[in-house]
Structure formats: structure tokens, C-alpha cells
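Subject: Structure handover

Hello,

My notes on it come after.

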Amino acid sequence: RRNRENIDRAVTYITENPGTTLRRTPSKLRITLESDWDGLQAAEDFGTQPLFADAARGVLRALATGFYAVAGLLAIGGGVVWLRRSAGDRRALFLVVAGLAQLLAPLATFGDPRFKMPVYPTLAVCAAVALVALWDRFAPAHARAETSPDVTCTDGGVPQGAGDDAPRSPAPA
């Protein structure tokens, strides 16, 4: 009942104040994406059950948000690299767009850092693409040759050029 009443109030407000709702959208996006220490806040029951001293909490908040910022920057770069390298392959575009689409819910409702959680798988994949691209570009040539065999996959997911010991996946029916 409470949820239904809140939804009705929200829909009424949005329909009666569309300009205000749209003006608040950038703030909701900023609030959702700017930090990543909300898990600590929830673990401490939103300040009612502190687990750490203020100084330790500050360090944990900075570490969490710093790690998230680095992962986010890598994900942006990796997403661009992935989309450029896979031009014409709709699977990469789908994953990136699907990940970003997960941000529509907090933009439509209210911003909160926990609402970006569905974006994490896309963020991780894109950040990994960036790390591999950086490795391929900056690692010593002998290290790249040892860790990056010339393996490509066909549409059936079967690696080609990896030798007989490469794991095989069945071709789609």
C-alpha cells in the first residue's frame, strides 16, 4: 500500500512538474555516479551503528571512490576501444548500451549511488578491455608474445590458431 501511494505521488508530481523533473535529471545522474562508498554507509546502518573510527571511515571512503573512479575511467576508455575494434558487431554495442540503459531507472526516480549496481558488469568488461589494450600497447614485446597468443574466435565460439589443446565450445545449432 505504501509503495503504491508513493508511486502515485511520484507520477502525479512528474506529470504536473515535467520541467522541474527534467532539470533535476543531471543532479540525479551526478548523485548516482559520483561515489562508491554507499556499501560502507549501509553496513553502518546509515550512521546509527558505526563500525570504524572517523579517520578509518574517511580512508575507506576515499579508497572505495578512488578505485571506482579508476575503474570508471578505464571502462569509458575500454568501451570506446571495444566499440571501435568491433565496428559492425552488434554484441559489443548491445552490451555497452544495455549497461548504460541501467541508469535510466535512477534518472527517472531519484539518484542514489546504490542504483548504479546493475551497471557494474558492463563497467567490469569495458575496464578489462582497456587493461588488455594498455597491456598490448605498453608491455615489453616478449611479454606480450608469451601471454597473448594469436587466437581468434569464429562466430561459433571455437578458437582458431590456438593449437590442439585449446578449449572448444560447440557451434550453435
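The model is predicted, not experimental. The protein has eight helices and two strands, and along the sequence the order is α-α-α-α-α-α-α-α-β-β. Of its 173 residues, 23% count as buried. The accessible surface comes to about 12,400 Å², with 64% of that belonging to carbon and sulfur atoms. Taking contacts between residues at least 6 apart in sequence, 53% join residues at least 24 apart.

Helix H4

H4 runs over 54-85. It has 32 residues and spans 46 Å from its first C-alpha to its last, close to the 46 Å expected at 1.5 Å a residue. Its buried residues are Arg-57, Tyr-68, Ala-71, Gly-72, Ala-75, Gly-78 and Gly-79. These pack against helix H2 (18-33), H3 and helix H7 (120-138). As background for reading that list, residues three or four places apart in an α-helix point the same way, because there are 3.6 residues a turn.

Arg-57

Arg-57 lies in H4 and counts as buried because its relative accessible area, 16%, is under the 20% cut-off. Its side chain has a polar contact of 2.6 Å with the side chain of Glu-44 and another, of 2.7 Å, with the side chain of Asp-54. Apart from neighbours within four places in sequence, Arg-57 is in contact with Leu-40, Glu-44, Pro-50, Leu-51 and Phe-52.

Together with Phe-52, Val-59, Leu-60 and Leu-63, Leu-51 forms a nonpolar patch on the surface. The accessible area of the five residues together is about 460 Å².

Ser-86

Is Ser-86 buried or exposed? With 13% relative accessibility, against a cut-off of under 20%, Ser-86 counts as buried. Its side chain reaches the backbone oxygen of Trp-82 at 2.5 Å.

Regards

Terms used: Residues numbered from 1 in each chain as written. Predicted model: local features only at pLDDT ≥ 70, side-chain atom pairs only at ≥ 80, totals over all residues. Heavy atoms only, no water. Helix = DSSP H or I, 4+ residues; strand = E, 2+ residues; numbered from the N terminus. Buried < 20%, exposed > 50% of the residue type's maximum accessible area, 1.4 Å probe, protein only. Polar contact = N/O pair within 3.5 Å; in protein donor to acceptor, adjacent residues only side chain to side chain. Patch = residues over 30% accessible without salt bridge, like charges linked within 9 Å, V, L, I, M, F, W, Y side chains within 5 Å. Areas by Shrake-Rupley, 256 points an atom, 1.4 Å probe, with all protein chains shown as cover. Salt bridge = Lys/Arg side-chain N within 4 Å of Asp/Glu carboxyl O. Expected span 1.5 Å × (residues − 1). Contact = heavy atoms within 4.5 Å.
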